[in-house]
Amino acid sequence: MSLHQLYVALFIGGLVLLASIAATRLATGAGLPSLLLFLGVGVLVGEAGIGLNFDSAQLAQGLGTAALGFILVEGGLTTRFSDIRQVLAPAAVLATVGVGVSMLVTAAAVHWLLGMNWQLALLLGAIVSSTDAAAVFSVLRVVPLPRRVGGLLEAESGFNDAPAVILVLLFSTTPLELDPGAIVATLVYELAVGAAIGLGVGFLGAMALRRIALPAAGLYPLATFGLGMLAFAAAGSAHASGFIAAYLAGVMLANSGLPHRSATRSFAEGSGWLAQIGLFVILGLLVSPNELPGEVVPAIVTGLVLLLLARPISVMASLIGFRVPWQEQAFVSWAGLRGAVPIVLATYPIVAGVPDSIRLLNIVFILVVVFTLVQGPGLRRIAERLNLIPRDTTREIQVDAAPLDVLGAELITMTVSPGSRLHNVTVLELRLPDPSVITLIIRAGQSFVPQLVTRLEIGDELLIVTTTAMREAAERRLRAVSRRGKLAYWFDEYGEHG
């Protein structure tokens, strides 16, 4: 690649990235997973749109698997153990027994209804048997579900990728040999060893990060995320499940009291979004739109079987011993959205050379798009009809930068360092430009809301909310008082950089 071609590729990639980011706003407002618009961007850039030709299933498989590792690490790092602790057992059964039941019901139905041979039928059943964390939670962010229901869906989506991947790989052998004992042994080994590696890397990594003082705060998010990817790669190298290892390592690291948790969470979310965008755009590029119309009927039949038969049966069979109310079971059944994972898994049999397996990619692509449109927008109404949430319940508060962005506000944090003239200055004497305000002070590990007469002390961490327009003025005032005290303006100190 010449330097000019590199610039062109980076320019196109930047445009695609920005278009995909802008699409997330549209998708969130419509209550849809962003994956639909990302896939649309990929199709638009591909051979049916701008004309970029991409037909390497092997490259898509490799990039897609790596992207799924990123997404699962991000999912683990943004999971609060308190939300999933009480539902670990039912979630684990859903992610194993539920995947198996869903696969068998779907495979039998498509074999008899569509005349698909058993290998393709089993592959299709395994490919669509797992729910997708990215798809589920991009919709559930706007549905204030009870903690138990949300935690159950979250944990299931984090766990069930691994069994689905293992089954797809087992059924992608040619010729197909079904040995139930070997299948069970492989599942147990890959899940057990993958879980052990993930928990081990997470535990040892958390111990190390608590004891090592890194030279820059920005290195902690990198190190934490790197540990998650290390678990993913280590488990894969041991022929175990890298997916379960990545998720569990992330959960362990996120809930170990590590420093800079907010920065780590933000970095993980950004990395997860980047992986999702790249993954869905690549998958959109891989699909040939001219081949899709012939698979619309098989895709809709498969989706209906999955939505109305396989998923409800798998949920009932998995939760029968956990006393989960029928309303919650019904919602969990309907909220089992499919997304990136099935489309990536559909590339595995293509790379393995399974005859006629390109059909599976087209069927899964149509199924994901159509049934995400069917299921996603109605999740809140279904939750209301099942009395899981009151009809007048407001959206759950999002502790993030998004609400500040909507209000045109920004959050500034600063620490009163030794030697700063901010020491002993009251909030009133600080005289921040209106409408800037110190919303919280963290002192000696304790946080409190300051009053006008509260005096700042060395070591205080200040959280200041201001508008975008006044941010620079607020920063200048803070620098001025830090340098010359509360009478800074009398000494012609206005906090300029220098």
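In helix α9, the buried residues are Asp 161, Ala 162, Pro 163, Ala 164, Val 165, Ile 166, Leu 167, Val 168 and Phe 171, where buried denotes under 20% relative accessible area, exposed over 50% and partly exposed in between (1.4 Å probe, protein chains only). This helix, spanning residues 161-171, is thus mostly covered, with nine of its eleven residues buried. The model is predicted, so local features need pLDDT of at least 70 and side-chain atom pairs count only at pLDDT 80 or more, while totals for chains, interfaces and linings use all residues. Residues are numbered from 1 along each chain as its sequence is written, and side-chain values use heavy atoms, with hydrogens and water left out.

The protein chain contains 22 helices and four strands; helices (H or I, at least four residues) and strands (E, at least two) are DSSP runs numbered from the N terminus. Of its 498 residues, 49% count as buried. Contacts are defined by heavy atoms within 4.5 Å. Among contacts between residues at least 6 apart in sequence, 78% join residues at least 24 apart.

Helix α8 (residues 147-159) and helix α12 (residues 242-254) have axes that come within 9 Å and cross at roughly 135 degrees. The α8 helix is therefore oblique to α12; angles under 35 degrees count as roughly parallel, over 145 as roughly antiparallel, 65 to 115 as roughly perpendicular and the rest as oblique. Axes are lines fitted to C-alpha atoms, for helices over the stretch in contact, and angles run from 0 to 180 degrees between N-to-C directions. The contact brings Glu 154, Ala 155, Gly 158 and Phe 159 of α8 against Ile 244, Tyr 247 and Leu 248 of α12. Five of the contact residues are nonpolar, one is polar and one is charged, with Ala, Val, Leu, Ile, Met, Phe, Trp, Tyr, Cys and Pro taken as nonpolar, Asp, Glu, Lys and Arg as charged, and the others, Gly among them, as polar.

Thr 106 is located in helix α5 (residues 88-114) and counts as buried because its relative accessibility is 0%. A polar atom of the Thr 106 side chain lies 2.8 Å from the backbone oxygen of Ser 102. Beyond its neighbours within four places in sequence, Thr 106 contacts Gly 125, Val 128, Thr 302, Val 305, Leu 306 and Ala 310. Ser 314 belongs to helix α14 (residues 296-319) and is likewise buried, at 2% relative accessibility. With residues up to four places away in sequence not counted, Ser 314 touches Leu 94, Gly 98, Val 101 and Ser 102.

The four strands of an open sheet follow the order β1-β4-β2-β3, with antiparallel pairing. Strands β1 and β3 (446-448) stand at the edges with a single partner strand each, so one side of each is left without a neighbour in the sheet. From one strand to the next, the twist averages 20 degrees. Two strands are taken to pair if DSSP finds at least two bridges between them. Strand β1 (residues 409-415) pairs with β4 (residues 461-467) over seven bridges in the antiparallel sense, and Glu 410 has Thr 466 in β4 as its bridge partner. Five antiparallel bridges join β2 (residues 437-443) to β4, where Leu 462 is the bridge partner of Ile 441. The antiparallel pairing of β2 and β3 extends over three bridges, with Arg 443 opposite Gln 446 in β3. Helix α22 (residues 471-484) lies across β1 and β4 and runs at about 15 degrees to β1.

Definitions and conventions
A polar contact is a pair of N or O atoms within 3.5 Å; within protein, one must be able to donate a hydrogen and the other to accept it, and residues adjacent in sequence count only if both atoms are side-chain atoms.
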